[in-house]
Amino acid sequence: MHRLELAKPDGRRLTLYGRVPLDPGLAAPSPFREPLGAEPHLRWHPLRGEWVTYAAYRQGRTYLPPPEYNPLAATTDPARPTELPAGDWDVAVFDNRFPSLAPPLPGTAPPALVVPTAPADGACEVVVFTQDPQSSLAHLPLDHLALLVQVWADRTQRLAARGGIAYVLPFENRGAEMGASNPHPHGQIYGYPYLTPRTEAMLRQADRHRAAHGTNLFADALAHEVADGTRIIMRTDTFTAFVPFAARWPV
């Protein structure tokens, strides 16, 4: 894995990853010149017993732009910069311009409300899987997928090392129906300042599984799915996951 770290004109970070060495002369473009001024915050939900993120400015984020204005495509016209430079890179990661979680700005504080509030001190990164806008995660070659997994691991380590991050979640919302704001193949990485309730439940279940069987729940689940062959099909050039058939898992 080869990595090149850059800074955008608005102060956000951009990291390019490649399977071959990257050109150190690449520069980071941005559709925005002014610094990021995001101020998300957390509100405690007393009925659910969990924190909820509030970031109203996300209503103004770029949403389903036409192909000629794709902000995740490589820049071809310097007068109309996108988020990414032209060059021989495979995967790109940059700070989300409209984050749900972000370090608090100096001199700011969350609003005082009837419920407890707290800074949404975390991280939101955009992960562009490929330069090809017509591709998808499932159609990337295996060596490209291997690089992407390395990128997820690298970002997890770097966010965890930042301090104040309790949980790192790489994910993909694919399709407008799932809330994706751009059809270009991409995902996101959230660095949470707390453990989400679902994560806590999964960790409890993993502890129960180890106590009962002496093995790792996640490794056992993966081995079971691969052996069953119904929902995860391993191929030499690519893979297909989550085919809609029910799998039988012993409890």
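This is a predicted model: local features need pLDDT of at least 70, side-chain atom pairs count only at pLDDT 80 or more; totals for chains, interfaces and linings use all residues.
Reader: Which strand does S1 pair with, and in what sense?
Author: Strand S1 (residues 2-7) runs antiparallel to S2, and 6 bridges join them. Strands here are DSSP runs of E with at least two residues, helices are runs of H or I with at least four residues, and both are numbered from the N terminus. Two strands count as paired if DSSP finds at least two bridges between them. His2, for instance, has Gly18 in S2 as its bridge partner.

Reader: What sits between S1 and S2?
Author: The two form a hairpin with 5 residues between the strands, and Gly11 there takes a positive phi near 95°.

Reader: Why is S2 called largely enclosed?
Author: Strand S2 (residues 13-18) is largely enclosed by the rest of the structure because 5 of its 6 residues are buried. Buried means under 20% relative accessible area, exposed means over 50%, and partly exposed lies in between (1.4 Å probe, protein chains only).

Reader: Which strand is joined to S2 by 4 bridges?
Author: That is S5, which runs antiparallel to S2. Leu16 has Ala92 as its bridge partner in S5, and Tyr17 stands opposite Val91 in S5.

Reader: Is S5 covered or uncovered, and which way do its residues point?
Author: S5 is mostly covered, with 5 of its 5 residues buried. Val91, Val93 and Asp95 point one way, while Ala92 and Phe94 point the other way. S5 also pairs with S7 in the antiparallel sense over 4 bridges, and Val93 has Val127 in S7 as its bridge partner.

Reader: What about S3 and S4?
Author: Strand S3 (residues 41-45) and S4 run antiparallel and are joined by 5 bridges. His41 stands opposite Tyr54 in S4. The two strands form a hairpin with 4 residues between them, and Gly49 in the turn has a positive phi of about 65°.

Reader: Changing topic: how many residues are in the largest nonpolar core?
Author: The largest nonpolar core has 16 residues, and those with the most contacts inside it include Tyr17, Val91, Val127 and Phe129. A nonpolar core is a set of buried Ala, Val, Leu, Ile, Met, Phe, Trp, Tyr and Cys residues joined through side-chain atoms within 4.5 Å. The elements giving two or more residues to this core are S5, strand S7 (123-128) and helix H1 (142-162). H1 gives the most, with 5 residues.

Reader: Which residues does Leu148 touch?
Author: Leaving aside its neighbours within four places in sequence, Leu148 is in contact with Val91, Val127, Phe129 and Leu137. Contact means heavy atoms within 4.5 Å. Apart from this core lies another, of 14 residues, among them Leu26, Leu72, Leu84 and Ala92.

Reader: Why do such side chains gather?
Author: In soluble globular proteins, nonpolar side chains tend to be buried together.

Reader: Where is Pro65, and is it buried or exposed?
Author: Pro65 lies in the loop between strand S4 (50-54) and strand S5 (91-95). Pro65 counts as buried because its relative accessibility is 16%. Leaving aside neighbours within four places in sequence, Pro65 is in contact with Asn70, Pro71, Ser181 and Asn182.

Reader: And Val114, buried or exposed?
Author: Val114 is exposed, with a relative accessible area of 84%. Val114 lies in the loop between S5 and strand S6 (117-119). Val114 and Arg19 are 95 residues apart in sequence and 51 Å apart in space, C-alpha to C-alpha.

Reader: Last one: where is Thr199?
Author: Thr199 lies in helix H2 (residues 197-213). Thr199 is buried, with a relative accessible area of 8%. From C-alpha to C-alpha, Thr199 and Tyr167 are 8.5 Å apart in space, and they are 32 residues apart in sequence.

Terms used:
Residues are numbered from 1 along each chain as its sequence is written. Side-chain values use heavy atoms; hydrogens and water are left out.
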